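Hello,

Here is the structure I promised to pass on to you.

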Amino acid sequence: MGWQDRNYNTGGGSGSDFLGNPAALLGFALPFGTWFGARVRLHFWLLLEFVLAFADYAFHGGGPLFGLIFCVLLLIALLLHEFGHRIFASWVGGSHNEFVLWPVGGMVPPVAPPFPWPYFVANLGGMVANFLFAFISILAATLITHSFHWNTLNPLALIMGDIAFNPVGVPGLTLAGSLLNLFAIINLGILFGNFLPYYWFDGGPLLEAILWPFFKRYNAINITCIVGMVLAVPMFFLSLMAGSAGLFAMILWALLFASAYSKRQQLKATGPQEMEEAIAWSAGYSGAGPTRRKKLSKYAIASARKKRDAEQLEQARIDAILEKVHTSGLHSLTFWEKRALKKATERQRQRDLANKR
């Protein structure tokens with residue numbers, strides 16, 4: 001999933017921002033066009049991954065051409081991951097129209113109805129896509145070469161720094177077999193990386209969705225953060241025992257612990273009551289109210305369509321605000337965002353009172 005718990009404020013920034021605040025570079029995202037209606041951007045961490053991977057291939061095996069091929073296959077696997085989210089989100093009534101790619105998926109989560117099952121399905125879609133294409137690649141490589149070469153037994157190798165696959169000198173592997181092996185390993189790396197129970201990955205929202213029906217969403221998020229913090233501590237010390245070879249892993253687990261701790265602090269600042277009210281409003285929001293069956297004029301139809309479009313636009317805005325509350329806490333909202341959320345909540349309460357009469 002994404003950097004700093006998938007903050008919607010990622011991306012953009014001018015050159016002057018980077019000179020005045022070098023840390024702003026961590027939020028940079030390069031526009032990569034619009035693909036089938038989805039706006040795609042490449043985050044700083046993915047661009048850095050491309051540079052490191054290309055250098056690794058160029059100097060340690062395979063050559064620059066295979067470095068370029070690795071980057072292209074990684075980009076394809078990440079796009080498949082995000083389109084998996086989009087397809088599954090649409091199945092449950094949600095959407096996913098903005099992809100900010102980083103090395104293990106996307107930093108902007110899919111939008112789903114605020115219920116456990118749709119939320120689970122929408123966040124599972126990317127992992128399902130990577131599993132399917134890994135399986136297809138392994139099957140195709142086996143049919144072509146009658147074997148499959150496992151580059152590493154560590155499924156997290158892709159995000160732990162062991163990213164290079166050297167196709168030279170592997171007995172029995174053709175060029176096609178080498179590329180299929182590499183594509184399968186990339187997909188498996190993304191798949192297993194997203195099992196980690198943090199909001200940087202899909203594992204955090206999936207664990208939250210599983211706990212949600214039993215503990216309510218506020219407590220589900222809290223437990224997910226605690227699980228992440230508890231897991232990070234022993235993994236950090238195991239990496240420490242590996243010496244210099246585990247330096248990157250130590251940094252990663254320290255950052256994951258910090259992200260889970262920060263998420264939990266933001267959750268406490270929001271409070272359970274405000275979160276549950278926002279979720280209840282979103283679940284109860286509906287478009288146009290009931291209308292009597294009668295023949296409508298062209299003007300009435302156009303007016304109704306205009307009203308529906310305005311309400312859909314408002315719903316999209318409120319969904320974005322709710323997701324911002326979910327990822328960054330209520331304190332992150334601007335005055336106008338808080339005002340819009342308050343007005344929308346009051347309108348929904350008025351509708352509920354009217355329906356009860």
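Which residues form a nonpolar patch on the surface? They are Phe131, Leu132, Phe133, Phe135, Ile136, Leu139 and Leu143, with about 700 Å² of accessible area together. Patches take residues with over 30% relative accessible area and no salt bridge, joining like charges within 9 Å and nonpolar side chains (Val, Leu, Ile, Met, Phe, Trp, Tyr) within 5 Å. A salt bridge is a Lys or Arg side-chain nitrogen within 4 Å of an Asp or Glu carboxyl oxygen, and areas are Shrake-Rupley values with a 1.4 Å probe, counting only the protein chains shown as cover for residues.

Before going on: this is a predicted model, where local features need pLDDT of at least 70 and side-chain atom pairs pLDDT 80 or more, while totals for chains, interfaces and linings use all residues. Numbering starts from 1 along each chain as its sequence is written, and side-chain values use heavy atoms, without hydrogens or water.

Leu132 from the patch sits in helix α4 (residues 116-145); helices (H or I, at least four residues) and strands (E, at least two) are DSSP runs numbered from the N terminus.

Buried means under 20% relative accessible area, exposed over 50%, and partly exposed in between (1.4 Å probe, protein chains only).

Finally, Arg217 in α6 (residues 203-241) is buried at 9% relative accessibility.

Best wishes
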